Amino acid sequence: MDWDIVIGIETHVQLTTKTKQFSGASTKYGNEPNSQACLVSMAYPGVLPVLNKESVSSAILFGLAIDAEIPPRSIFSRKNYFYPDLPKGYQISQFELPIVGRGKLSINIGGKSKDVRVLRAHLEEDAGKSTHGIIEGKSGIDLNRAGTPLLEIVTEPDLSSAEEAVAYAKKLHNLVQWIGICDGNMQEGSFRCDVNVSVKKKGSATLGTRREIKNLNSFRFIKQAVDYEVNWQIERLEDGGKIEQATILFNPESGETKSMRSKEEANDYRYFPDPDLLPLIVSDEDIAVIKKLMPELPEAMKARFEKDLGLSAYDSEGITSSRDVTQYFLKIVDLGADAKLAANWILGNLFSQLNNKGIDILDSPISPKNLSALINRIEDGTISNNAAKKVFEILWENTGKEVDLIIDQLGLKQISDSNEIDGIVEQVLKNNLMMVEEFKSGKEKAFNALIGQVMKASKGKANPAQVSSILKEKLSK
Amino acid sequence: MLNLSLKNISQALEKKKFTSVELTQFFLNRVKKHNPSLNAFITVDEDKSLAMAAKSDQLIQSGKKNVLTGIPIAQKDIFCASDWKTTCGSKMLENFISPYNSTVIQKFNDAGAVNLGKTNMDEFAMGSSNETSYFGPVKNPWNLDYVPGGSSGGSAAAVAARLAPAATGTDTGGSIRQPASLCGFTGLKPTYGLVSRYGMIAFASSLDQAGPMAISAEDCGLMLDVMTGHDSRDSTSINRKKENYTNSLDEKIDGLRVGVPKEFFGDGLSVDVQKVIEGALKQYEKLGAKIVDISLPNNHLAIPAYYVIAPAEASSNLSRYDGVRYGYRTKEYDDLMDMYFKTRQEGFGDEVKRRILIGTYVLSAGYFDAYYLKAQKIRRLIANDFKVAYEKCDVIMGPSAPSVAFKSGEKQEDPLAMYMQDIFTISTNLAGLPAMSIPAGFVDGLPVGLQLIGNHFDEAKILNAAHIYQINTDWHLRSPKGID
């Protein structure tokens, strides 16, 4: 039987505000446990929440970036449940009226663009962390993270494969960093996804029962977890079983998903408007002010690169896949390098090295200045593409040597003197009369073989374009 | 020192007739003598109070004196005060020492006032008789067999018995005015948002409001001058120009339109109390006021709406008392759930548990619309009733409580009868209006309070009306016998 896969994603994006959502405590990651637990973070008797305005601006900026409605009034509500790392016994969140309404984010799948509808995005605060094993026989509570601002972004169930889910997550991950509201650090939990998965018979209008995979903090885990979960659900249904609504966890070690709690065990969160906080009123003027902070967005930049710099759709998509990559690219272009060559080198050699070594482009051992110099040397004919690859390898070792010095030391300089090339070509033609005959009798292949001979004779240094044109000229005589 | 107004004490301190240390010691001695029978204070710390008094004396010596500098004030034990035990009347916080000052405490400290001690109260301010306190019931100084009212019962007994020149209270449904009525002194609940709630342990956040409890309207005005003001740490604190509450006390009240709601004089009001209130209204007419009949048609819905909204908020506000970070934790437990259950079972009293249960119920899926949302609609209707009424009058008057003080234990087993105590006070909390209770007479030797309700931010107006009444009567100056 054929099945449709239906996926919706809720993403918790940690906002890069200096202080917490409702207090002045620092949001820094990795400090001594409870060193950032102020009285509000610890929910002392009598303390009150005060909304962080920076997080409000961040949420609105995001809303504008996905072309969403920004309602004039939103409400903070309490989500009530007991847990040791939830100091107040409730989380302040937004329930009925979120700060960001409907919007959309488009993803690219197999060269095609698809709009993913965003249902809403709302502000809330993070919980603390329970730690086990630090104190023998006891659990510890670290409230440094308690109260950290989060923007929860919820999609409609518009995604229909693990690939689409990952594409959406990557796109969102890029966007929130692009507009500067999140550091995107997935290992530290700054960007985590809850993925709702269900399957239904192909073409059926009725949605299947969904299970929610909690807290996925890598794109690979999203792919693995969704694939596993989809197979699990399909197998179960094909065996005549039923899917029960549940919250599940993905175990990266085993690659399996496991039920955490069923619907019956689900909490009744007893949401109600938080009486300690007034409704949040956002005026058109507020929105206008925030709009001015909006950088050129990846989609717009992508279109501009295609139109103005002549990049292919594929290349411009790759170059705008992250703000850091775009900035690296723009630096190279600013230094005078050809845009198409720059895109090729970044998405080709540079990416493959960075990915192999697991290095972020910000930490690339090859600076934009060096890559730009290298590309300039290809463009002005000083070195060939093949020679450039050798220079690239040396640059990657980060020896501090300049591009031109490397070219000199390795003797990679291309022969572009047409007299010199002329001489070599003459010699090769003389030595390969058979090939010349073949070419003249119509065998096109012989031309490439002759070029190969010229390159060999020049030890690879002859400028291939010049070789080609000189050879053509001589053969046509 | 015993019966001086705050203004007179202030002048005496300025003229060095006595020092703050002497004054504070005088009241500490009275507390020592009478607290065993009244149980008005939970925490008294002579050393701390006297140290504050000594500091205030220095301020007075150096000429840096505010009106309240050097005056001892009893603080309801709901206000967090740095280095003081702050129990909120609960076993849950029996040993909780606050690491910080509430805004109210800070303001009194900044004014140079002396903290005389922390007064007893119903547990988490839930009660109308001060019998739900973990630290034992408070007695009414007029008759020790009777309750002082609640929840600010300790502050009430302290002021009535002159164990303190003045005290603070909080009023969520009548917790300043009803005890003021039952103990015969002046108490004021300000407009919601006028006094910061920061550091005031929350019962029902949308209703809680701190206010002064003192002998006279003038004293309350002086206290209010210190207590009010915008506070950026409380998002519901109102940002408006600070007013002076004593400048207009003496203004004439000729032509003041006094609205008398017919709903305040129906079933449930004791006949004797009604007579006292009618007498007070006649007095007002003599003083130049005009009585206007008004109606608050939804007043009968105030108690049901209140007992949905207040417990709903309380059930959430009290979730933080879980034994994890501070406060009481049960001694032995098997696991996390067991620790939660036992801690809250042992740490909270019956009335608190009752309200947590009610609140949890009304917020539950499937009941939310029928209870919580409906109660919020009623709340808007009640607020609208007042809005309409104030088109016809300047001040609304009526009884503060349906009866005089009742005997200890009398209503303890009947929560609904107890809840009726607040039938005339709750609607103003729901509407966020300022209101006060002033002594207006006696029934069988027990005090009766007249309630004055103002429109939003009309504190100065009701204080003025109360003051004019008080300079023409002496009910507020009477004090219980046998407490010397």
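**Exercise 1. The contact between the chains**

How many residues does the contact take from chain B and how many from chain A? Work with the predicted model, and then describe the chain B side by element and by class.

*Solution.* 
Step 1. Chain B gives 35 residues to the contact and chain A gives 25 residues.
Step 2. On the chain B side, at least two residues each come from helix H9 (302-317), helix H10 (336-347) and helix H11 (350-363) of chain B.
Step 3. H9(B) has the largest share of that side, with 3 residues.
Step 4. Sorted by class, the side of chain B that touches chain A holds 16 nonpolar, 12 polar and 7 charged residues.

**Exercise 2. Overall form of each chain**

*Solution.* 
Step 1. Chain B contains 15 helices and 11 strands.
Step 2. The C-alpha trace of chain B spans about 65 × 55 × 45 Å along its principal axes. Of its residues, 61% count as buried.
Step 3. In chain B, 76% of the contacts with a separation of 6 or more are between residues 24 or more positions apart.
Step 4. Chain A contains 15 helices and 15 strands.
Step 5. The box filled by the C-alpha atoms of chain A is roughly 95 × 55 × 55 Å along the principal axes. In chain A, 39% of the 477 residues count as buried, and residues 24 or more positions apart make up 68% of the contacts with a separation of 6 or more.

**Exercise 3. The sheet of chain A**

Give the strand order of the open sheet of 8 strands in chain A, and identify the helices H2 and H3 that lie across its strands.

*Solution.* 
Step 1. The order is E5-E6-E9-E1-E10-E11-E12-E13 (chain A), and the pairing is mixed.
Step 2. Strand E5 (103-109) and strand E13 (256-262) of chain A are the edge strands, since each pairs on one side only. From one strand to the next the twist averages 30°.
Step 3. Take one pair from the order: strand E6 (residues 112-125) and strand E9 (residues 149-155) of chain A run antiparallel and are joined by 7 bridges. Within this pair, A:Glu124 stands opposite A:Leu150 of E9(A).
Step 4. Helix H2 (residues 162-178) of chain A lies across strand E1 (3-14), E5, E6, E9 and strand E10 (191-201), at about 120° to E5(A).
Step 5. Helix H3 (residues 219-238) of chain A lies across E1, E10, strand E11 (211-216), strand E12 (246-251) and E13, at about 25° to E10(A).

**Exercise 4. Two strands of chain B**

Why can strand E4 of chain B be called largely enclosed? Find its pairing partners, and treat strand E9 of chain B likewise.

*Solution.* 
Step 1. A residue is buried if 20 or more other C-beta atoms lie within 10 Å of its own. In E4(B) (residues 166-170), 5 of the 5 residues are buried, so the strand is largely enclosed by the rest of the structure.
Step 2. B:Ala166, B:Thr168 and B:Thr170 point one way from E4(B), while B:Ala167 and B:Gly169 point the other way; all are buried.
Step 3. E4(B) pairs in the parallel sense with strand E2 (residues 72-76) of chain B over 2 bridges, where B:Ile73 stands opposite B:Ala166.
Step 4. With strand E6 (residues 210-214) of chain B, E4(B) pairs in the antiparallel sense over 5 bridges. The bridge partner of B:Ala166 in E6(B) is B:Ala214.
Step 5. In E9(B) (residues 395-399), 5 of the 5 residues are buried, so this strand is also largely enclosed by the rest of the structure.
Step 6. E9(B) pairs in the parallel sense with strand E7 (residues 257-261) of chain B over 2 bridges, and B:Val258 stands opposite B:Val395.
Step 7. The pairing of E9(B) with strand E11 (residues 446-454) of chain B is antiparallel, over 5 bridges. There B:Val395 stands opposite B:Gly454.

Terms used: Residues numbered from 1 in each chain as written. Chains lettered and ligands numbered in written order. Predicted model: local features only at pLDDT ≥ 70, side-chain atom pairs only at ≥ 80, totals over all residues. Helix = DSSP H or I, 4+ residues; strand = E, 2+ residues; numbered from the N terminus. Buried ≥ 20, exposed ≤ 12 C-beta atoms within 10 Å, placed from the backbone. Contact = placed C-beta atoms within 7 Å. Nonpolar A, V, L, I, M, F, W, Y, C, P; charged D, E, K, R; others polar. Pairing = 2+ DSSP bridges. Axes fitted to C-alpha atoms, helices over the stretch in contact; angles between N-to-C directions.
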